[in-house]
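Colleague: I would like to go through this model feature by feature. Please give the general idea where there is one, then the case at hand.

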Amino acid sequence: MKNPFENLKTVEDQMDYFSEQFEEQSTDGIRRNYKDGSDFQSNPFLQKYPYAIRIILYYDDLEISNALGSKDTIHRLGCFYISVQNLPPEESSLLSSIFLLALTYAEDLKKPGVLEKVLLPFISDLNRLKSENGVEIDLPGGEKFILRACLVCVCADALDAHALLGLLSPSANMFCRLCLVSKKDIMEDSTSVGLLRTAQLHQKHVEEVEKHQALPSKRKLGQGKKIAFQNLE
Ligand SMILES: [Zn+2]
């Protein structure tokens, strides 16, 4: 696996690499990159450490015995990849900038607790990288560098995103992972958008599901169980 930071031997090189040269915040109100969005602007960690590495997690199933047969599940693998969002575009567009995080047997992921177990080492590494101390690394010249990183995006198709976020299946009443629109509302008007799900709202729903295990409450919120990222700080 190629190390994207291989040629960056000095602190200056690394700072240049993660500097705003290729990611200047827009001043004309047009959104050009992540820094122009409210997610970046409301993230206390990224406001404090704007050069921190921003990680994207990607998940999808891969059928290795018959790539075209979506019904074949017996040899299906669950694949987790990560990439760095704030690399310069010419680097992040390369296939070699996508890193394999974990390969699992997809059927195993459906068993209770397996997903959490698979993601645990990644989540504990992320918690260290996002902590106040960060992760100190030695550079070849004897200098020290504090590496900091956080997870900014999880990409997956509807079914897998629901599993990762602990949401009920897309056939639930509140089926949308982005907002609280109900099936009834969408039947009446297919352009309906409900109250947007936020990190705070999601946390509240997870707590409510834990408190009231009764099905109606779960149905109401579209939330089924705790999430694989529950230990992410
Ligand atoms: Zn929605």
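Colleague: In what order do the four strands of the open sheet lie?

Modeller: In general, the strands of a sheet pair through backbone hydrogen bonds, either parallel or antiparallel. In this predicted model, the order is β3-β2-β1-β6, and the pairing is mixed. β3 (98-105) and β6 (149-155) are the edge strands, each pairing on one side only. From one strand to the next, the twist averages 25°.

Colleague: How many bridges join β1 to β6, and do the two run parallel or antiparallel?

Modeller: Strand β1, residues 53-63, is joined to β6 by six bridges, and the two run parallel. For isoleucine 56, the bridge partner in β6 is cysteine 153.

Colleague: Which helix lies across β3 and β6?

Modeller: That is α6, residues 114-130, which runs at about 140° to β6. α6 has 17 residues, and the distance from its first C-alpha to its last is 24 Å, close to the 24 Å expected at 1.5 Å a residue.

Colleague: Where does α6 bend?

Modeller: The bend is at leucine 120 and amounts to about 45°. A proline, proline 121, follows within four residues.

Colleague: Which residues of α6 are buried, and what covers them?

Modeller: Leu115, Leu119 and Leu126 are the buried ones. Their cover includes α5 (106-109), β6 and α7.

Colleague: Which members of the largest nonpolar core touch the most other members?

Modeller: The general idea is that nonpolar side chains tend to be buried together in soluble globular proteins. Here the largest nonpolar core has 15 residues, and Ile55, Leu115, Ala149 and Leu164 touch the most other members. At least two residues of this core come from each of β1, α6, β6 and α7 (158-165).

How values were computed
Residues are numbered from 1 along each chain as its sequence is written. This is a predicted model: local features need pLDDT of at least 70, side-chain atom pairs count only at pLDDT 80 or more; totals for chains, interfaces and linings use all residues. Two strands pair if DSSP finds at least two bridges between them. Axes are lines fitted to C-alpha atoms, for helices over the stretch in contact, and angles run from 0 to 180 degrees between N-to-C directions. Two residues are in contact if their C-beta atoms, placed from the backbone, lie within 7 Å. A nonpolar core is a set of buried Ala, Val, Leu, Ile, Met, Phe, Trp, Tyr and Cys residues joined through C-beta atoms within 7 Å. A residue is buried if 20 or more other C-beta atoms lie within 10 Å of its own, exposed if 12 or fewer, and partly exposed in between; C-beta atoms are placed from the backbone. The expected span of a helix is 1.5 Å times one less than its number of residues. The bend at a residue is the angle between axes fitted to the seven residues ending there and the seven starting there.
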